[in-house]
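Biologist: I would like a close look at a single part of this model. Please keep to what can be computed from the atoms.

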Amino acid sequence: MIDRETVEKVIFDALRNLNEERPTNEQIKVSSETELFGGQSSLDSLSLVSIVVDIEAEIADLSNAEVSLTDERAMSQEISPFNNVNTLTNYILLLLSEYGNAT
Amino acid sequence: MPLSTQYFGKNILITGSSRGVGRLLAEYLTSNGALVIGFSRGESSLAHSNYRHIKVDIGDPHSIQHGFRNIKDLVSHLDILINNAGVATSQYAMVMLSKDVQEMLNVNILGSFLVSREASKLMRKNKWGRIINMGSIMSSLEPAGGSIYAASKAALITMSNVMAKELSSLNITCNTLALSGYPTEMMDSLSPEVLKNVIEGLTIPRLTTGDDIFNVIDFLSSDRSSFITAQTIYLGGVN
């Protein structure tokens, strides 16, 4: 069973991985409030794809659940999962709960 | 076979590895020091300490997912993908069966895309990768009977060129080797008349040899080819 703290850590790790690939003056803040897409987000589309790939792979490793974060359902959520780390955490927990893998 | 040191320590995935060009490449690359993982529908008779075989139907997305789950148990990353699996049916369009059309599209396009998608995720970890798609001179020659096969190979080139753009920042190159006639079971599926016309129409009118293929694979796989991407190399003088 995966809890909120674990999901958040997976997202933070993905952001840290991305930071390793970015110059020092383009580092992304790693926090629950970090915006991922639109608005104040400093991520371009390929960076967002990189994060999604890392998160999907890590969640699959931890839970054996193959969650898709970019399918129609994700894109049609009233509150976009990609608003910030917090909304993405909520969305992943929702998907995992349907697999019976979230606490 | 020539000895190349560039493959030592490299993890290579070849689709369609049990027969024809895929088998030839699996033998070449294992004997040159690579760890080769092969996908094909059936078993492989290739017995080499550097070869791992996984039964995967490239025309089936679920089977591809299964294959990649197994790959992750074998290696932490991939260096080179050779998208070799392909299906060819030569038939006049008016009598081409829809099931044959579907099979060609499933394997030659959808399967190649899904394998590339999953392989690129395993290449980005090392920020190095080479995706080589096995195209065909048919996409340029557009012979009668090849409507869907030629179209699928043309689509493969376009897919490769677009993915080259998407993956360039990860130091992953995507290129296409457009094969000419190499004696395989697949070539047997072409009508002798079509084959004869194709070979005679080449600038250099002969069949492809294994070394013709190794030469281009070596070139596209090389560290020095990091600036070579979104290219199609035709064998036999086709353009």
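In which loop is the place of Lys127(B)?

Modeller: Lys127(B) has its place in the loop of chain B between helix H3 (98-123) and strand E5 (129-136); helices (H or I, at least four residues) and strands (E, at least two) are DSSP runs, numbered from the N terminus. Residues are numbered from 1 along each chain as its sequence is written, while chains are lettered from A and ligands numbered from 1 in the order in which they are written. The model is predicted, so local features need pLDDT of at least 70, side-chain atom pairs count only at pLDDT 80 or more, and totals for chains, interfaces and linings use all residues; side-chain values use heavy atoms, with hydrogens and water left out.

Phi of Lys127(B) is near 50°, a positive value in a residue other than glycine. Lys127(B) is partly exposed, at a relative accessible area of 33%; buried means under 20%, exposed over 50%, and partly exposed in between (1.4 Å probe, protein chains only).

The loop between H3 and E5 of chain B also holds Arg124(B). The side chain of Arg124(B) meets that of Asp54(A) in a salt bridge, 2.6 Å from N to O; the term stands for a side-chain nitrogen of Lys or Arg within 4 Å of a carboxyl oxygen of Asp or Glu. This pair crosses between chains, with Asp54(A) in helix H2 (residues 45-63) of chain A. Arg124(B) counts as buried, at 10% relative accessibility. Over all chains, a search of the whole structure finds 13 salt bridges.
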